[in-house]
Amino acid sequence: MAELGRPEKTIEILQKYHVVFQKKFGQNFLIDEHVLGKIIQAAEITKDDVVLEIGPGIGTMTQYLAEAAGQVVAIEIDRNLLQILDETLSGYDNVTVISGDAMKIDLRKTLTDACGGELPASLKVCANLPYYITTPLIMMLLEGDIPFQNLTLMVQKEVAERMQAGPGTKDYGALSLAVQYYADPYIAAYVPQNCFMPRPNVDSAVIRLTKRPEPPVSVQDEALLFKLIRASFSQRRKTLVNGLTNSRELNLSKEQAAAAVVAAGFDPQIRGEKLTLEEFATLANVVAGM
Ligand code: SAM
């Protein structure tokens, strides 16, 4: 049934509708059946699931999702693609296409309305993300109150590696910690440029973020934890004490920052990039108590 994974079918649709790729919407359409299969497999989608797809494009991944899931709700910003989606998804009665901007739309209401007035018990997100909104969109989905079980996302390879990175590595940073606070990341596949049309300038990766039922650390003040993390990585080459002192968000004197770092049990010369999430949590609780 799902025939859009074949490049020749995609080309046929693109030509029929004279599609002009919208660079501003990050349009790089998937044309590789093998990769599409891998995404569905990594997402562990079953017929019990409702899947939210951000940016269905011409409906390629949507066809695969519709075959694997109970229901698919797909949000597309480009109105020019709606007529195409009508055609490519006409064979599926379990897909709802919503015209809108996924960053602005009320997702809880959209999903509730599409699922007959109740938020479904088993919700997953699957998307070949437009790269220009990758990070804000992922953080919005992780921080929000919709109980997604997992998010399986095609993102730029470097971004996937940053999300999965651990302390002391070059990719480790504020994004790693923010993502790992909410989810367990796992890179399921690397995807070369020739799997897309048009070809992007970067390689991609499929990452699955399995939402944690609870954060892995306990802090008195979550906002403070993230301020400390941002401060520690905004000047990577500086010591943790200097990073904290220079942060406008924190308002700590050098003496206070040094006292907090020592009270949390760290060497005053340590760099923020060496700290684990647990260690940042310890520091956050020390600073909260000052
Ligand atoms: N899912 C398709 C595929 O895999 O071939 C298309 C993926 S393409 C990388 C990204 C899609 O997201 C495009 O269709 C684009 O128009 C859409 N998009 C971009 N920004 C969006 C937004 N803010 N809200 C919803 N869709 C968006």
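A cavity, on a 1 Å grid over the protein atoms alone, is a set of points where a 1.4 Å probe fits but cannot get out; a pocket is an open set with protein on both sides within 12 Å along at least five of seven lines, and lining residues have an atom within 4 Å of a point.

A word on what you are looking at. This is a predicted model, in which local features need pLDDT of at least 70 and side-chain atom pairs count only at pLDDT 80 or more, while totals for chains, interfaces and linings use all residues. Residues are numbered from 1 along each chain as its sequence is written, and side-chain values use heavy atoms, with hydrogens and water left out.

Let's begin with the cavity itself. The structure holds one cavity of 30 Å³ or more, and about 310 Å³ of space lies in the largest cavity (grid points are joined across faces, edges and corners, and a volume is the space filled by probe spheres set on the points). Of its 26 lining residues, Ile54, Gly55, Gly57, Glu76 and Asn128 lie nearest the centre. Strand 1, strand 2 (50–54), helix 3 (60–68) and strand 3 each give two or more residues to this lining; helices (H or I, at least four residues) and strands (E, at least two) are DSSP runs, numbered from the N terminus.

Now for the ligand. It is surrounded by 23 residues, the closest being Leu30, Gly55, Glu76, Asp101 and Tyr132 (near means that a heavy atom of the residue lies within 4 Å). Strand 1 (29–30) and strand 3 (71–76) each supply at least two residues of this shell. Polar contacts are pairs of N or O atoms within 3.5 Å; within protein, one must be able to donate a hydrogen and the other to accept it, and residues adjacent in sequence count only if both atoms are side-chain atoms. A polar side-chain atom of Glu76 lies 2.6 Å from a ligand oxygen atom, and one of Glu53 lies 3.3 Å from a ligand nitrogen atom.

There is also an open space to visit. The largest pocket has a volume of about 320 Å³. Lys23, Gly26, Gln27, Asn28 and Pro200 lie nearest its centre, among 17 lining residues.

The peptide bond from Met197 to Pro198 is cis, with omega near -10 degrees, and Pro198 lies in the loop between strand 8 (196–197) and strand 9 (204–211). His18 is not a glycine, yet has a positive phi of about 50 degrees; look for His18 in the loop between helix 1 (7–16) and strand 1.
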